[in-house]
Amino acid sequence: MSDEENGLGRGDRATLLTAAVSGLVLLATGFFQPPSGPTVGSATAAQIRTFVAAHSAGLKVGATAGMVAVIAVLVFTAALAQLARARVPDSMFPRLTEIAGIFISFVLFLDAAAIASPLLLPDLVNTELAKVDDATVVSWYGLTGFTHFLGDLKMALMALALTSFSLVGLRGRLLPRWLLWLGLAFGACGAFGTIGITAAVSPLYWFWFAGLFGWALWILLVSITLGLRWRRSGRAPLIPAATTP
């Protein structure tokens, strides 16, 4: 089936490449796990200082990866929305995809800032962590517990992005149908998983993990598919060959 039959034409080449590249960048950075520290809520200031000193390089990498992921998810969801809007201009789903991306990026931003604050914030305020009082050190580190919880709730936004784009994609034939139905299935898992978190229903927790890994797999498959579409569209002639009367 040609790109035009799937709803993706040559005019979308730049957006195809943008979505494919930003999706791969998001996978590489958005799922980066910084070093795990002492338990939030029971960690002492001394334990936090020791952890920060021992894992400064990993925390710096985590903060950098987090900021890149913030940009990548904004670009990725905006590119998907642009592709969908070009084919189905009267649908509200492309806008919902963009909104989901904006809020996902905000949660990623807060998480990266909280993880890096015990390491980077002292220098920014012209002091050293050793000179910061214990209560402040513990409060800075305690923010990671809050952002971890926000990260769990972020699954609802992932489910929204998966569902909204997959629905408009089915209507506009933007991607192979199996991939869009897979997005709907992962979106449903994410929705049930979010209910499990908010209602504290442990049997539903596995839906959360299915939604998380499904989100990652879906991004990978979509990025590869759009990258192949971009490559294939570049091989088509810019101007159809003239026919001899």
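The model on the screen is a predicted one.

First, the overall layout. The chain has eight helices and zero strands. Read from the N terminus, the order of elements is α-α-α-α-α-α-α-α. Along the principal axes, the C-alpha atoms take up a box of roughly 85 × 40 × 25 Å.

Now to helix packing. Two packed helices are described by the angle between their axes and the distance between the axes. I have two pairs, and helix 5 takes part in both.

Which residues make the contact between helix 2 and helix 5? From helix 2 they are A45, I48, R49 and F51, and from helix 5 they are D134, V137, V138 and Y141. By class, this contact has six nonpolar residues, no polar ones and two charged ones.

The second pair is helix 5 with helix 6. Here the axes lie 4 Å apart, at an angle of about 30°. The cut-off for roughly parallel is under 35 degrees, so helix 5 and helix 6 count as roughly parallel to each other. On the helix 5 side the contact residues are G151, D152 and L153, and they meet M155, A156 and L157 of helix 6. Four of the residues in this contact are nonpolar, one is polar and one is charged.

Last, the empty space. Rolling a probe the size of a water molecule over the atoms shows where empty space is left. How much space lies in the largest pocket? The value is about 1000 Å³. The lining of this pocket consists of 41 residues, and those nearest its centre are Q33, P34, D111, I115 and H148. Sorted by class, the lining holds 26 nonpolar, twelve polar and three charged residues. Which helices supply at least two lining residues each? They are helix 1 (13-30), helix 2, helix 3 (56-87), helix 4 (93-124), helix 5, helix 6 (155-172) and helix 8 (205-233).

That is what I have for today.

Terms used. Residues are numbered from 1 along each chain as its sequence is written. This is a predicted model: local features need pLDDT of at least 70, side-chain atom pairs count only at pLDDT 80 or more; totals for chains, interfaces and linings use all residues. Side-chain values use heavy atoms; hydrogens and water are left out. Axes are lines fitted to C-alpha atoms, for helices over the stretch in contact, and angles run from 0 to 180 degrees between N-to-C directions. Contact means heavy atoms within 4.5 Å. Ala, Val, Leu, Ile, Met, Phe, Trp, Tyr, Cys and Pro count as nonpolar, Asp, Glu, Lys and Arg as charged, and the others, Gly among them, as polar. On a 1 Å grid over the protein atoms alone, a cavity is a set of points where a 1.4 Å probe fits but cannot get out, and a pocket is an open set with protein on both sides within 12 Å along at least five of seven lines; lining residues have an atom within 4 Å of a point. Grid points are joined across faces, edges and corners, and a volume is the space filled by probe spheres set on the points. Angles under 35 degrees count as roughly parallel, over 145 as roughly antiparallel, 65 to 115 as roughly perpendicular and the rest as oblique.
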